[in-house]
Amino acid sequence: MVEVRLRGKPASPGVGVAPSILIVHRLPGEAVVEDPLKAFREAVAEEGKWIGGVVERLWAEGREDEALILEAQLLILDDPNFTGLVEKLIGEGLSLADAVKKTVNEVAELFGKTAYMKARRSDLMDLANRIIARVHGATVPDLKNISRMVVVVADELYPSETAEMRKELVAGIATERGGVTAHAAIIARNYGIPAVVGVESLLEHVKGGELVVVDGVDGTIIVNPKPETVEKALSKGRRIRELYEKFSKVEAYAADGIRVHVEANIGSPDELELAVFFKSDGVGLLRTEFLFIGRDSPPSEEEQYSIYRELASRISPKPLIIRLLDVGGDKPLPYVKFRREENPFLGLRGIRLLFKERSLLETQVRAVLRAAVHGNIWIMAPMISTISEIVEFRKVVEEEASRLESRGIPVGRPRIGVMVEVPSIALQADAAAEHVDFFSIGTNDLTQYTLAADRVNADVAHIYDHAHPSVLRLVKMVVDAAEAKNRIVGVCGEAGSDPDVAPILLGLGVRRLSVAPNQIPFVRYFVSRMKMSEASSIANKALSAVSPVEVRNYGRRIIGENAVFESNGLIF
Ligand code: PEP
Ligand code: MG
């Protein structure tokens with residue numbers, strides 16, 4: 001048997017290994033039902049009774065989250081709009097199954113397209129499947145009677161299934177569909193079950209019964225693992241469990257009591273769930289590209305407003321830092337005219353493109369300003385390279401605010417900041433600090449522009465390293481300038497979760513790190529291992545290092561030689 005590795009989205013941290021149990025939902029076929037109207041009414045009554053019983057038990061067991069989900073299904077069953085539409089469609093000659101499916105699709109349309117609402121859609125499908133299955137006498141996959149440890153592998157898992165599942169026997173969950181906000185993912189996190197969702201072609205590789213590893217930290221599924229893979233996974237699982245028990249929900253403090261804010265970088269609403277789960281100190285970077293890519297026209301002010309508002313209220317009162325659209329010639333959009341550029345990374349990218357495409361900029365700024373009424377939103381411009389760009393950016397924010405106010409539309413007053421990704425702005429950080437409330441240092445781009453080494457070109461990967469002393473010196477200039485003017489400064493590039501480098505950034509005075517959500521507990525862990533007073537003197541020495549290797553050695557000295565490092569960047 002060959003070991004197969006598949007990738008998905010990490011949805012609940014931890015590592016589990018067990019034989020798989022397969023749950024596949026195939027709606028029963030179109031068997032003829034004699035009196036579909038009567039059959040439908042009976043199925044609704046039976047289903048109502050069944051849900052009522054499960055809900056009662058869930059409340060009695062204190063499983064409030066799950067009880068609420070199923071109660072929502074009860075409300076739908078009781079809603080005459082729902083039953084009425086199914087009955088009307090049956091009356092028009094549709095089969096019972098088609099009538100139920102069509103109704104569910106129509107109701108789901110009303111829910112809209114946000115990730116959260118897509119997850120609610122899956123609740124409706126759950127209900128529809130069960131009603132149809134009842135009428136056709138089909139059995140719904142059963143997770144109530146499992147009697148040994150299993151990894152649940154499914155096309156999608158519905159709330160009624162996770163509610164019945166014997167969670168103490170579930171070592172992991174892997175699903176082909178569903179996002180991080182799907183109920184299966186929420187329940188998995190609540191119960192500490194490792195989970196990976198959105199695994200393409202999962203069901204092609206898992207047939208049920210074979211051993212499966214679910215690595216909910218880096219989002220990997222391993223089918224038919226070799227014995228040494230199993231051993232590795234089990235020991236990673238044990239160490240992760242220990243680490244998560246300690247660092248999943250606590251604020252980060254260094255050993256000498258200095259507080260460090262650990263925030264999340266997110267690139268879709270889905271990822272916010274993990275940030276909330278880990279009680280992150282906020283969203284230090286919302287990459288808004290997900291709203292603009294893969295469509296024929298730009299998102300409207302209204303669409304953006306409702307998404308920013310939803311995200312801000314989920315994380316409130318902690319900050320949500322919204323970065324304006326950061327695209328360029330390397331990632332073209334069909335609705336923006338791009339001239340072919342010889343060097344897209346040095347061309348019309350980030351704020352430069354937005355100044356040229358004024359209406360994209362103004363629309364996004366208005367959406368952010370309006371959403372800022374409902375949460376702690378900050379606004380940030382990408383790819384700033386001159387002071388005049390900062391002045392211009394502030395002007396746009398102020399003009400759009402007055403424009404909205406003059407129309408009687410309420411606006412918030414977000415803090416205004418810039419990404420420091422281009423060396424010129426780090427070198428002029430003192431002047432820049434006059435015009436901003438905060439700096440967010442993007443070490444990913446700062447490294448590529450400082451070392452003139454393309455971040456995605458494998459041929460220069462040996463030069464591209466955010467541990468380079470030149471990058472650290474620029475970080476130091478920004479931190480000093482921010483301190484002198486009492487401005488906020490954070491790091492949102494990958495260096496913030498690199499255990500060799502982040503301790504040095506902290507030693508240089510950075511107190512905010514924004515990292516990928518599943519790195520949050522690890523960052524808290526290494527922060528807890530360091531003393532800031534020590535870190536500061538070591539970091540100052542690292543500034544005079546000549547190579548990244550030397551810098552990394554200093555970083556390791558700060559958190560101690562005993563920390564064990566693994567190649568994927570996680571430490572134990
Ligand atoms: C960065 O450049 O460090 C950064 C965080 O932005 P992105 O990775 O989205 O370019
Ligand atoms: Mg960047």
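**Close-up 1. Helix H17 and the shell around ligand 1 in the predicted model**. Helix H17 contributes 3 residues to the shell around ligand 1, the largest share. In total, 13 residues surround the ligand, and the closest of them are Arg287, Gly442, Asn444, Asp445 and Arg455.

**Close-up 2. Polar atoms facing the oxygen atoms of ligand 1**. A polar atom in the side chain of Arg323 lies 3.0 Å from an oxygen atom of ligand 1, and the side chain of Glu421 places an N or O atom 3.1 Å from an oxygen atom of the ligand. On its own, ligand 1 has 290 Å² of accessible area, of which the protein covers 94%. The elements giving two or more residues to the shell are strand S11 (283–287) and helix H17 (443–451).

**Close-up 3. Gln364 in helix H13**. Gln364 has its place in helix H13, which spans residues 358–371, and because its relative accessibility is 1%, this residue counts as buried. Its side chain makes a polar contact of 3.1 Å with the side chain of Tyr308. When neighbours within four places in sequence are left aside, the residues in contact with Gln364 are Thr288, Phe292, Gln304, Tyr308, Arg323, Leu324 and Leu325; of these, Arg323 also has a polar side-chain atom 3.0 Å from an oxygen atom of ligand 1.

**Close-up 4. The open sheet of 8 strands**. The strands follow the order S1-S8-S7-S3-S4-S5-S6-S2, and their pairing is mixed. Strand S1 (4–7) and strand S2 (9–12) form the edges, each pairing on one side only, and neighbouring strands of the sheet are turned against each other by 30° on average, with direction ignored. Within the sheet, strand S4 (residues 150–154) and strand S5 (residues 170–175) run parallel and are joined by 5 bridges; Val152 has Ile173 of S5 as its bridge partner.

**Close-up 5. Helix H7 across strands of the sheet**. Helix H7 (residues 183–191) lies across S2, S5 and strand S6 (195–197), and runs at about 55° to S2. The buried residues of H7 include His183, Ala184 and Ala185, together with Ile187, Ala188 and Arg189. After the helix comes Gly192, whose phi is positive, near 70°.

Notes. Residues are numbered from 1 along each chain as its sequence is written. Chains are lettered from A and ligands numbered from 1 in the order in which they are written. This is a predicted model: local features need pLDDT of at least 70, side-chain atom pairs count only at pLDDT 80 or more; totals for chains, interfaces and linings use all residues. Side-chain values use heavy atoms; hydrogens and water are left out. Two strands pair if DSSP finds at least two bridges between them. Helices (H or I, at least four residues) and strands (E, at least two) are DSSP runs, numbered from the N terminus. Axes are lines fitted to C-alpha atoms, for helices over the stretch in contact, and angles run from 0 to 180 degrees between N-to-C directions. Contact means heavy atoms within 4.5 Å. Buried means under 20% relative accessible area, exposed over 50%, partly exposed in between (1.4 Å probe, protein chains only). A polar contact is a pair of N or O atoms within 3.5 Å; within protein, one must be able to donate a hydrogen and the other to accept it, and residues adjacent in sequence count only if both atoms are side-chain atoms. A residue is near a molecule or strand if one of its heavy atoms lies within 4 Å of it. Accessible areas come from the Shrake-Rupley method with a 1.4 Å probe; for residues, only the protein chains shown count as cover.
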